[in-house]
Amino acid sequence: MTDKKPLRLGVNIDHVATIRNARGGPHPDPVRAALLVEGSGADGITAHLREDRRHIRDDDMRRLKEEIGLPLNFEMASTAEMLQLCTQVQPHACCIVPENRNERTTEGGLDVAGQHNFIAPFVRELTDAGIRASLFVDPEPEQIHAAKSAGAPVIEIHTGAYYEATLKTEPALYKAELEKIRDAAELADSIGLEVHAGHGLTFLNVQPVAAIPQIVELNIGHFLVGEAVFMGLAEAVKEMKRLMQDARTGGLY
Ligand SMILES: CC(=O)[C@@H](O)[C@H](O)COP(=O)(O)O
Ligand SMILES: NCC(=O)COP(=O)(O)O
């Protein structure tokens, strides 16, 4: 499929909570940030409730669901505790991500192929609760086929390796990573999966990913919250959306 589908921006507000938690008080409030983002052209809010609660906390998730108007994408590990919380909060969508307490950030995609017998029932529980399940996977054909057979309607392609490659001086490295994302998006779309992508996207690297026609949602957080220090969160969100739309509609790449 090569039709130009609309491309949504989901803003991940985790790191507003990181700054709040640095002092232990209520400021800055991630729900207030979500409301600002909502008024700045974003299409959704993403928040990752980590098992160690290093940024977003349970009550943030509840308040996000109650106070924002945009669809809420609840990112979490596939644990019984998280499943219970997620089904209580009833977000629009839930993205299952791998989690390791010692990692600085999400290091790789979910091994759906290796954990099919565990992931498939987990996806079913979310689906039965009326929540759209998404699996955060590396751009590898084996994982994409496994996501389909696990019953997930959506995948989110982990763009972290692409981000890392864009930091290197050798263009062949990021081009190779971009090619993997393109191929993965095409494969996923061809077998009926909705395709999202995210992790490490910035003003400088977003456009080649935004131009991939099968991708319908990008989830972006750390860079936007960081850039808010310089240009404000509303302006950062507007600029990201503008870059995404230009890449999508302008025939770039
Ligand atoms: C799954 C993902 O890519 C994001 O949720 C990201 O993990 C959030 O930030 P941290 O990894 O820094 O918690
Ligand atoms: N799922 C990716 C996400 O929500 C945001 O990742 P990042 O932009 O904070 O790296």
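Buried means under 20% relative accessible area, exposed over 50%, and partly exposed in between, with a 1.4 Å probe and protein chains only. This is a predicted model, where local features need pLDDT of at least 70, side-chain atom pairs count only at pLDDT 80 or more, and totals for chains, interfaces and linings use all residues. Residues are numbered from 1 along each chain as its sequence is written, chains are lettered from A and ligands numbered from 1 in the order in which they are written, and side-chain values use heavy atoms, with hydrogens and water left out.

**View 1. The annotated binding site.** An unreviewed UniProt entry marks Asp14, His15, Arg50, His55 and Thr105 as "binding site". These residues are spread over 92 residues of sequence, yet they cluster in space, with a largest C-alpha distance of 12.1 Å. The lining of the largest pocket includes Asp14, His15, Arg50, His55 and Thr105. UniProt positions follow the numbering used here, feature names are shortened, and annotations may be inferred rather than shown by experiment. A pocket is an open set of points on a 1 Å grid over the protein atoms alone, where a 1.4 Å probe fits, with protein on both sides within 12 Å along at least five of seven lines; lining residues have an atom within 4 Å of a point.

**View 2. Asp14 and His55.** Asp14 lies in helix 1 (residues 14-23). Helices (H or I, at least four residues) and strands (E, at least two) are DSSP runs, numbered from the N terminus. His55 sits in the loop between strand 2 (44-48) and helix 3 (58-67). Asp14 is buried at 4% relative accessible area; His55 is buried too, at 3%. Contact means heavy atoms within 4.5 Å. Beyond four places in sequence, Asp14 is in contact with Thr46, Ala47, His48, His55 and Ile56. On the same terms, the contacts of His55 include Asp14, His15, His48, Arg50 and Asp60.

View 3. Asp14, Val16, Ala17, Arg20 and Asn21 are the buried residues of helix 1. They fall within an arc of 155 degrees seen down the axis, so they line one face of the helix. The arc is that of the directions from the helix axis to the C-beta atoms. This buried set packs against strand 1 (8-12), helix 2 (30-38), strand 2, helix 3 and helix 10 (222-231). Exposed Ala22 and Arg23 are on the face turned away from the buried side. Gly24 follows helix 1 with a positive phi, near 80 degrees.

**View 4. The barrel.** Eight strands form a closed barrel in the order 1-2-3-4-5-6-7-8, with parallel pairing. Two strands pair if DSSP finds at least two bridges between them. Strand 7 (residues 194-198) and strand 8 (residues 215-220) are paired in the parallel sense over four bridges. Val195 stands opposite Ile215 of strand 8.

**View 5. Helix 6.** Gln143, Ile144, Ala146 and Ala147 are buried in helix 6 (residues 141-149). Their arc around the axis is only 165 degrees, which puts them on the same side of the helix. Pro141 and Glu142 are exposed on the face turned away from it. Just after helix 6, Gly151 has a positive phi of about 90 degrees.

**View 6. Backbone features in loops.** His27 and Pro28 are joined by a cis peptide bond, with omega about 0 degrees. Pro28 is in the loop between helix 1 and helix 2. Gln90, a residue other than glycine, has a positive phi near 60 degrees.
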